[in-house]
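Trainee: I'd like to zoom in on one part of this model rather than tour the whole thing. Can you walk me through some of the charged pairs?

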Amino acid sequence: MGFPRGRRRLVVVVAALLATAAVAVIVHRVLAPAEVSTPARGDYPAPARPPAGVIGRLPVAPLIVDERLRVYAAHRQVYADRPVDGRYRTSPYWSYRRWPAELTGIVASGSTVVSRWSDGRLVALDARTGGVLWRADGPKPAPSSAVVRRTWAATVWEPRGLRLADLPGGRTVLVVSGDAQARGVELSDGRELWRVDLPGSCRSDVGTSASGQVIALDRCAGPASIEFRDAATGAVRERWRPPGGSSDDLVVTPLGCRTGQSGCLALRTAGPGDAGGRGWLLAGGTPVAAPTLDQAGAVLAGEQAVVVLDGVAVGRSARTGTELWRFDGLGPAARVLAVQPGRVHLLTEENDLVTLNPETGAQLSRFQLNVGSDGTGWVPGAVAATDGYVAMERLRRPVASDADDQRYFLSSEPVILAVS
């Protein structure tokens with residue numbers, strides 16, 4: 001026996017509708033916007049105090065947070081591992097994912113980690129638990145043609161349009177910018193403080209100053225000028241051009257930054273005809289000339305300008321130019337690699353990492369940047385230094401900038417992590 005023809009058709013229609021509904025549910029679950037937060041399991045680790053030397057190697061660039069965790073970026077994920085001085089990357093301590101938005105940058109201050117996404121969303125996470133502290137809308141990131149390589153170093157160490165500015169009283173402002181708009185957000189709670197419209201790609205971010213200013217290069221109207229905006233209110237306080245400089249080819253480089261391009265103490269400007277550039281100290285008012293920072297390889301570590309000349313590191317007062325110390329024995333190809341509060345890191349031709357006290361020139365540590373059987377036959381790539389740690393990409397020789405990641409990087413774990 002079978003169903004009558006009419007009933008059979010009804011059964012077929014009902015089955016088709018149920019199948020369609022099931023497919024719709026699956027498609028919705030797969031494609032609908034979503035976030036997945038996996039909180040921390042276990043206690044928040046204590047700050048580590050490892051001895052100076054190479055710690056290990058990692059496949060991706062770490063952001064050292066609160067001296068306790070390493071935070072990483074992925075295509076649609078922010079995650080952390082522990083301990084901060086672990087030899088290898090370990091299972092996530094916590095993780096946060098979003099779909100379908102893509103991660104475009106992360107910054108951290110204290111135990112707060114802020115992620116920025118391709119739809120403009122800002123999500124602040126508590127490094128201690130991985131839990132969401134707040135969510136806020138921001139301007140969509142400006143389009144970029146830059147290649148994001150597998151270490152995610154640019155996303156973690158130099159996120160475009162994402163800066164921190166410290167204000168008096170312990171407050172910190174998150175400054176977020178795109179092509180058409182910039183916003184200031186209170187780091188503690190995600191509250192919007194200000195928003196301003198921007199003219200477009202003729203204006204570019206430079207960084208933030210230690211005195212709470214947002215710095216940008218403006219080429220939109222007339223000769224290029226440097227714009228100083230109050231991070232607390234968003235108001236433009238000053239537009240300034242280096243004396244004698246009127247070219248649209250002006251290049252501005254932040255110096256002496258606390259981390260990344262945030263909390264910077266000085267600038268170097270360069271235009272046509274400048275041999276290396278001109279250095280300027282920032283103190284909240286009009287920039288003050290600092291000839292000790294004119295040379296292209298000079299860096300600022302606190303109040304000291306440091307440069308390597310013919311294998312000799314020289315420290316001078318950035319304000320007066322007075323020589324304070326010399327340190328030799330570095331070799332002719334040595335150069336300044338990075339600075340952080342209380343430390344200036346130098347790299348020799350043999351890939352030794354030499355760390356000096358920038359105030360006195362005293363050597364704090366010296367060791368070869370080698371781990372396992374990797375050797376030292378590599379070229380340094382992107383680098384970050386914070387909380388006494390130094391993390392750096394290692395690139396194959398000769399460097400092939402247009403090559404794929406397998407040819408570009410030294411190995412599958414190209415990031416070396418050391419403590420100075």
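Trainee: Which residue forms a salt bridge with Arg183, and how many Å apart are the closest N and O atoms?

Mentor: Before the pair itself, some ground rules. This is a predicted model, so local features need pLDDT of at least 70 and side-chain atom pairs count only at pLDDT 80 or more, while totals for chains, interfaces and linings use all residues. Residues are numbered from 1 along each chain as its sequence is written, and side-chain values use heavy atoms, with hydrogens and water left out.

Now your pair: Arg183 forms a salt bridge with Glu192, and their closest N and O atoms are 3.5 Å apart. Salt bridge here means a side-chain nitrogen of Lys or Arg within 4 Å of a carboxyl oxygen of Asp or Glu. As for accessibility, buried is under 20% relative accessible area, exposed is over 50%, and partly exposed is in between (1.4 Å probe, protein chains only). Arg183 counts as buried because its relative accessibility is 11%. Glu192, with a relative accessible area of 35%, is partly exposed.

Next, look at Arg191, whose side chain meets that of Asp189 in a salt bridge, 3.6 Å from N to O. Arg191 is at 45% relative accessibility, so it counts as partly exposed. Asp189 gets the label partly exposed too, because its value is 40%. There's also a network to trace: salt bridges that share partners join Arg203, Asp205, Asp218, Glu227, Arg229 and Arg239.

For a pair that links distant parts of the chain, go to Arg76 and Glu102. Their side chains meet in a salt bridge at 3.9 Å, N to O. Arg76 sits in the loop between strand S4 (69-74) and strand S5 (77-81), and Glu102 in the loop between strand S6 (94-99) and strand S7 (103-109), which puts the two 26 residues apart. Strands in this numbering are DSSP runs (E, at least two residues), counted from the N terminus. Arg76 is partly exposed because its relative accessibility is 23%, and Glu102 is partly exposed because its relative accessible area is 34%.

To put these pairs in context, a search of the whole structure finds 27 salt bridges.

Technical notes:
Helix = DSSP H or I, 4+ residues; strand = E, 2+ residues; numbered from the N terminus.
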